[in-house]
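Subject: Structure for you to look through

Hello,

I am passing on the structure that I promised you, and below it you will find my notes on what was found in it. Please read them with the model open beside you.

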Amino acid sequence: MLGRPAPGLRPFAIEVTGLRKHYGSVEAVQGLSFAVEPGEVYGLLGPNGAGKTTTVEILEGFRRRSGGEVRVLGHDPERRERRLQEKVGIVLQSSGLYPRVTVHEAVEHFAKAYPSPRDPAETIALVGLEDQGDSRVRELSGGQRRRVDLALALVGDPELVFLDEPTTGFDPAARRTAWNAVRRLRELGKTVLLTTHYLEEAQALADRVAIVKNGVIVAEGPPGELGPRSSGYRVSYLSEGRRVELHTDDPTELLHRLTRDALARDERLEGLEVTRPTLEDVYLELTDVDRPAVEGG
Amino acid sequence: MSALGLAWEQFRFERKLFWRNPSSAFFNFVLPLLLLVLVASIFSADPEQLEVIVPGVAGMSVMATTFTALAFNLTFLREQGILKRVRGTPIPAGSYLGGLLGSAVANAFVQVGLVVAIGHFVYGVDLPREPLALVGVTALGVACFGAVGVAFSHAIPNFDSAPAYANAVFLPLILISGVFYSADSLPSAVKTLAEVLPLKHAVDLLSTTIVTGGPLSAGAVGVLAAWTAGGTYLAVRFFRWS
């Protein structure tokens with residue numbers, strides 16, 4: 001499924017094959033494979049400790065892999081070539097900033113490292129901080145600092161942007177703002193690799209999602225299509241105050257039977273619901289520690 | 001931009017940051033000068049003592065602006081994740097560290113200049129006998145204490161404990177290295193310890209270039225060079241960006 005692109009096709013922006021990373025005897029990443037198309041927003045979704053950050057930090061060139069192949073814009077990130085760094089923007093899960101510089105000074109300073117940077121003021125406006133340009137970093141709120149992180153990742157006008165848990169700790173309003181910024185990245189044609197443990201974030205932003213658990217991908221696909229192949233629908237109703245839940249591939253037949261029986265008993269089907277399993281159901285099922293992982297995707 | 005151009009930009013950025021942090025500016029510049037003025041005032045009637053204090057405080061300043069400042073700074077930059085952020089940009093490691101170290105070097109030279117100037121204009125100590133050699137000796141001291149400071153920063157677990165770690169080295173060292181009084185009056189065991197460590201030799205060399213003139217002690221240069229080499233090896237070998 002993930003083979004190399006045929007000759008003549010555009011190469012993948014990111015290609016990971018059989019990636020492994022162990023720390024001592026702990027296997028953090030155990031044979032991960034995925035590929036990201038240019039211009040795609042790809043989400044690595046999983047609980048804390050699933051191996052998402054380790055994977056991203058290998059792609060960013062911060063960590064060395066224990067095994068497998070990795071290509072980022074055609075380069076091996078382990079070699080830390082400046083040509084690659086110039087085409088990549090990184091938002092780390094947490095990274096500091098000089099507390100005594102202004103937003104504009106920070107963005108202007110880092111812009112100098114790139115061959116064709118964006119205009120600093122325009123970059124600051126892009127992340128919605130135009131009113132804070134002259135504020136010192138120490139005066140900003142956590143959410144505003146996170147947007148400075150994004151501005152610094154974008155000022156080099158990168159082809160590829162890594163966002164490692166970009167909205168962790170945000171309030172809902174700040175999260176919406178950040179989501180809009182990521183959507184702008186897609187409009188600008190950037191490739192984005194996003195990690196998150198927020199399901200709705202992956203759902204809202206990613207073109208494709210890989211669900212990561214214990215260092216392997218347990219499901220992959222567009223968020224709307226991720227789901228177990230069996231039990232496509234869930235039908236539930238209340239019976240004597242308790243919710244009864246049934247799973248079926250063909251709700252027509254099941255509903256007909258349920259309603260016919262209820263009418264025959266001269267009863268109502270209280271609280272009747274027919275739902276598709278949401279990504280949340282899939283996610284919880286796949287990442288639940290008490291239940292075995294289900295093959296999917 | 002070239003690697004050298006980026007190093008210059010980083011240097012200018014670090015200068016700006018330095019002056020925006022009042023406490024670091026104070027400890028780097030004002031505190032050594034305050035000590036110079038205080039101690040020199042006590043001995044101002046005794047020119048011989050003044051000729052000990054001026055090179056002594058100059059040596060202390062070299063150590064404070066490089067060893068102590070870099071041990072503090074790198075611990076802060078690492079703990080804050082600023083080093084890691086820089087590592088994720090195309091700024092070459094050499095340019096970034098060059099700018100950072102260059103800023104400490106600039107502080108050391110300015111400080112030595114201030115100490116010599118105050119010694120001359122306020123306390124009537126003669127101008128340096130060997131100005132060129134003074135620049136060379138300051139450069140050697142900067143290289144030595146800079147390298148050892150970067151190496152030492154690897155041993156500091158977190159920024160909260162950085163002052164304790166740095167002062168645990170800095171304070172005893174200035175007391176045994178003849179900064180405020182001649183090291184000749186110390187007990188022999190302490191003297192032997194001071195002979196192995198670099199500060200006493202830096203002070204001796206500064207004394208030669210500022211006060212007495214004449215050829216530099218090859219032994220003192222050798223000890224500083226050895227510490228520079230060892231410090232550089234440890235600084236590079238164990239450098240961590242996060």
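Residues are numbered from 1 along each chain as its sequence is written, while chains are lettered from A and ligands numbered from 1 in the order in which they are written.

How confident is the prediction? The model scores ipTM 0.87 and pTM 0.84. The pLDDT, which is the predictor's confidence in each residue on a scale from 0 to 100, has a mean of 87 in chain A, where 91% of the residues reach 70 or more. Over residues 291-297 of chain A the pLDDT is below 50, although this stretch has 17 contacts in the model beyond near neighbours in sequence; a contact between two residues is counted if their C-beta atoms, placed from the backbone, lie within 7 Å. Chain B averages a pLDDT of 92, and 100% of its residues score at least 70.

Now to the domains and sheets of chain A. The chain is divided into domain 1 (1-87 + 159-228 + 278-297), domain 2 (103-155) and domain 3 (233-276), with bounds that come from an automatic or database domain assignment. The C-alpha centres of domain 1 and domain 2 of chain A lie 25 Å apart, and nine residues of domain 1 are in contact with ten residues of domain 2. On the domain 1 side of this contact, helix H6 (residues 172-187) of chain A gives the most, with four residues.

An open sheet of six strands in chain A has the order S5-S6-S7-S3-S8-S9, with mixed pairing, and its edge strands, each of which pairs on one side only, are S5 (88-91) and S9 (216-221). Inside the sheet, five bridges join strand S6 (residues 160-164) of chain A to strand S7 (residues 191-196) of chain A, and these two run parallel; Val161(A) stands opposite Val192(A) in S7(A). Helix H1 (residues 52-59) of chain A lies across S3 (41-45), S6, S7 and S8 (208-213), running at about 150° to S7(A), where axes are lines fitted to C-alpha atoms, for helices over the stretch in contact, and angles run from 0 to 180 degrees between N-to-C directions.

A second open sheet in chain A has three strands in the order S11-S10-S12, with antiparallel pairing; its edge strands are S11 (242-248) and S12 (270-275), and the twist averages 15° from one strand to the next. Strand S10 (residues 233-239) of chain A pairs with S12(A) over four bridges, and Arg234(A) stands opposite Thr275(A) in S12(A). Helix H8 (residues 251-264) of chain A lies across S10, S11 and S12, running at about 15° to S10(A).

In chain B, helix H6 (residues 131-153) and helix H9 (residues 198-212) pack at an angle of about 170°, with their axes 9 Å apart. That makes H6(B) roughly antiparallel to H9(B), a description used for angles over 145 degrees, while those under 35 count as roughly parallel, 65 to 115 as roughly perpendicular and the rest as oblique.

Finally, the contact between the chains takes 18 residues from chain B and 19 residues from chain A. The largest share of the chain B side, five residues, comes from H1(B).

Best wishes

Notes: This is a predicted model: local features need pLDDT of at least 70, side-chain atom pairs count only at pLDDT 80 or more; totals for chains, interfaces and linings use all residues. Two strands pair if DSSP finds at least two bridges between them.
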